[in-house]
Amino acid sequence: MSFEILSSPMKIGKCEIKNRIVMPPMLMGFGKFDGTPTEKLMDYYEERAKGGAGLIMTEITRVNDKTGSAAFAQLAMSHDYHIEPMRNFARRIHRHGAKLFVQLHHPGRQNVGLLVGTVPMSIHAEKLTKGAYGKLLYKLTPAVGPTLIENNISLSSVAPSKCDPAYFAGGRVRALRYKEIKELEQQFIDAAVRVKKADCDGVELHAAHGYLLQQFLSPVTNQRTDEYGGSLENRMRFILNIIHGIKEKCGADFPLIVRLSVDECYEMIGQPGKGYTLEEGVKIAKILEENGVDAIDVSSAGYDTFNYWLEPVSFDPGWRAYMAKAVKEAVSIPVLAANLIRSPEQAEQQLCDGVQDFVSLGRPHIADPHWAEKAMNGGTIKRCICCLNCIESMQSNAYIGSHGECSVNPFVGHETDELKVDGNGRQIVVIGAGPGGLMAAEIAARRGFKVTVFEKNEKCGGQLLLASAPPDKKKTAWMIEDLEKTVRELGVEILLNTPATVDVVKALEPFAVIAATGSLPIKPKFGGNYGEEDLCTAEEVLSGKVKIENKTVAVIGSGLTGIETAQLLAENGCMVTVVDMAKEVAPGSWMQHRDDILPKLKAHGAKFLLEQKLVAVNKGGVELQHVKTSAKQTVDCDITVLALGSRPDNALVNDLREIGINVTAIGDCNKVGKIANATKAAYEAVISL
């Protein structure tokens, strides 16, 4: 398929973009307290410009340090000292023919209270201590930060009016004073002036995903009774004052985009009548056009409806294209949109169908920085599998001063690390063709090693075959498809249906051995009167070894594997009861996965018994005991499914080490974890050879 529209130039205002491919804003945590770009941040963005993207958008860039800092490691344009560093950043993007727009942002009520008022202090402290402050902060924050947040010990975030805190952000919220609103309007305008002085190509105002500019637009968060609240005209006053100010100070020719949630999506979480819907969102887009905006970047939802702007794996590519098309049909300026685009073919088709004018590829550019180049030249694109590790890791690593990571791409944050090509054909043995094993094979092959992969099963995939088995999770397997294709193109030998043995490995006289043998399900023995047919593991269900339909099932363990298995069983006509010793379902898991699966389980009538310990399995039921009261109960079921986690499968590793072969164990066979843990370990293991 030719990509004539995708590869064609188009203007936003008077700024010509060389193609229709946009890398939209995504905070990854490469910045520093004072808001200036680090070398690592510029390396990260420049790699995407080098990879062929026509337009690069910066991550959320603050205009206000006191209430508007969304992260310690965030870009800023709040002071004149940001101009020169941003000019250097723009210069690096421009040398690859790409354009750079800066997204101006304020989190409003979606801020974390810990950040309100602390960033200005942190900037000064970091300068005074010459970096010692930051090291101490990131040493203390992992322990202290969550405690302060849980106990609501922080300053209030701000919003147009006093309202409930945002889901996921929490904390307290206070209304902005009239004077503060006027100050913020000027701060947005001043930041845009600095962006222009820094030789950037334009600005984007972030009025999406529930942040402050959208909070003024929404009747949920804007209940003011003055000129900034009430009617749509009044609710738009804040953003229109900013737009008029930017156009006045920067000139009508300086491109200005608004990223807009055109539907707050409350109806999609069972709250119809709350917030504004697509009909009003289109009206807002038209008014923005009438007031001089050069393009609309269409998005949707906010923190209260998180999964409807940053989708988990279950959502279909292009599911919200109808929103962009509605705006496209109502305005005459260019329309940008993400629309969960995952292939060049999909991108070209949506351009051809008049859905949008530019395709915004956020997570796809994290997964593969050369997406654009590969699309045009027919290379193998590493597709984003929507696992959400990028945002989850960004949030968790912020506590330790590190950055977001990608399950598919362990090179994130290592864009300029030298990959030495010094393998000289020496033999590397990789045991296991799951994500960790294949990633190790790819990197080793790129280094010039001869790589042989042993896989005991009939196809590649390892634990990802199980991860892609539950309903709506087939995209997870994309990672294996892309890795297998890549390593075969690099000349890696994959031996399927071939278990590795000590003798076979030894005979190859390998320079190095990397074991990625995965894990085994935990299946303890329980008291009670049961046979083998009464008890199985989630792995056996997901792999298809055990088929359960139209039965009454007790799933023991409410981790992600447990609830995903429960969903599969429920869709197979089973009545499911999920049992766990914890106080909550899927404890410790990223909230978006829970929010995606639990409504589906409840719709199927699934029951949840928490703080319950399994003490016995019998034919026809299980015996449970409350972890606090010790009260016992019996739950009837035809079969019991254990989802109690896994343990490393490291027997071969130990056997090889016993005969003196140096083996590096990665992924689950070293420590059971996530996909990203395996691929990161693969990167580190091969890089260090």
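**View 1. I428 sits in strand β15, which covers residues 427-431.** Strands here are DSSP runs of E with at least two residues, helices are runs of H or I with at least four, and both are numbered from the N terminus. This is a predicted model, where local features need pLDDT of at least 70, side-chain atom pairs count only at pLDDT 80 or more, and totals for chains, interfaces and linings use all residues. Residues are numbered from 1 along each chain as its sequence is written, and side-chain values use heavy atoms, with hydrogens and water left out. At 0% relative accessibility, I428 is buried (under 20% relative accessible area; exposed is over 50%, partly exposed in between; 1.4 Å probe, protein chains only).

View 2. V453 is 25 residues away from I428 in sequence, yet their C-alpha atoms are 8.5 Å apart.

**View 3. C200 has no disulfide partner.** A disulfide needs two cysteine sulfur atoms within 2.5 Å, and the count by that rule is 0. For C200, the nearest cysteine sulfur belongs to C15, 11 Å away. C200 is buried, at 7% relative accessible area.

**View 4. C460 is another buried cysteine, with a relative accessible area of 5%.**
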